[in-house]
Amino acid sequence: MTSHQSTQTMKPATAAKKLGVYLEATPADFREGVVSRAELNELQANPPQWLQDLRRNGPHPRPVVAAKLGVSIAGLARGGVTEALTTEQIETLKQESPEWLVRERATQAEVRKEAARIKKKHAEGTE
């Protein structure tokens, strides 16, 4: 009896998430097919022009937008940002620095500071 290894595939939405791109902005053949693990690895290692352009210019999915703005995804929602944004739109938001963005960045800074404090406390407690 011979065993064969089946090819591991994923939905386009999963692949887009792993690639850090907005699914709706990807080419139709990407959105309508399935992506194998080997194809995903190849896209990551040697991104085609469409993927390079999406990563550079967007539109970007919310996790990427949040990271570029230095806020949480929930902070984006509280600020009224619910759609994908382009790099240009993100830069404009940074320059305009609306009140909600300033507030959410401060909140995120506090969250990071508290996480670092807890991590340090745990490290000191284990020694």
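## The largest pocket

Helix 1 (12-19) and helix 5 (62-69) each supply at least two residues of the lining of the largest pocket, where helices are DSSP runs of H or I with at least four residues, numbered from the N terminus. The model is a predicted one, in which local features need pLDDT of at least 70 and side-chain atom pairs count only at pLDDT 80 or more, while totals for chains, interfaces and linings use all residues. Residues are numbered from 1 along each chain as its sequence is written, and side-chain values use heavy atoms, with hydrogens and water left out.

The volume of the largest pocket is about 250 Å³, and its lining comprises 14 residues, with Lys17, Val21, Pro61, Arg62 and Pro63 lying nearest the centre. A pocket here is an open set of points on a 1 Å grid over the protein atoms alone, where a 1.4 Å probe fits and protein lies on both sides within 12 Å along at least five of seven lines; lining residues have an atom within 4 Å of a point. Grid points are joined across faces, edges and corners, and the volume is the space filled by probe spheres set on them. Sorted by class, the lining holds nine nonpolar, two polar and three charged residues, with Ala, Val, Leu, Ile, Met, Phe, Trp, Tyr, Cys and Pro taken as nonpolar, Asp, Glu, Lys and Arg as charged, and the others, Gly among them, as polar.

Thr26 sits in the loop that runs between helix 1 and helix 2 (28-32), and its relative accessible area of 2% makes it buried (buried is under 20%, exposed over 50%, partly exposed in between, with a 1.4 Å probe and protein chains only). A polar atom of the Thr26 side chain lies 2.6 Å from the backbone oxygen of Leu23. Beyond its neighbours within four places in sequence, Thr26 is in contact (heavy atoms within 4.5 Å) with Val21, Arg31, Trp50 and Leu54.

## Salt bridges

The count of salt bridges comes to five, each defined as a side-chain nitrogen of Lys or Arg within 4 Å of a carboxyl oxygen of Asp or Glu. One of them joins Arg78 to Glu104, with the closest N and O atoms 2.8 Å apart; this pair links distant parts of the chain, Arg78 being in helix 6 (residues 73-78) and Glu104 in helix 8 (residues 99-125), 26 residues apart. Arg78 is exposed at 53% relative accessibility, whereas Glu104 is buried at 5%.

Another salt bridge, between Arg56 and Asp53, has an N to O distance of 3.3 Å, and both residues lie in helix 4 (residues 49-57), three residues apart, or about one turn of the helix. Arg56 is partly exposed at 46%, as is Asp53 at 29%. In helix 8, Glu114 and Arg117 are likewise three residues apart, so about one helical turn separates them, and their side chains meet in a salt bridge at 2.6 Å, N to O. Glu114 is partly exposed at 36%, and Arg117 is partly exposed at 43%.

## Backbone features in two loops

Most residues other than glycine have a negative phi, and most peptide bonds are trans. In the loop between helix 4 and helix 5 lies Pro59, which is joined to Gly58 by a cis peptide bond with omega of about 5 degrees. Ser97, although not a glycine, has a positive phi of about 45 degrees; Ser97 belongs to the loop between helix 7 (87-96) and helix 8 and is partly exposed at 32% relative accessibility.

Technical notes:
A polar contact is a pair of N or O atoms within 3.5 Å; within protein, one must be able to donate a hydrogen and the other to accept it, and residues adjacent in sequence count only if both atoms are side-chain atoms.
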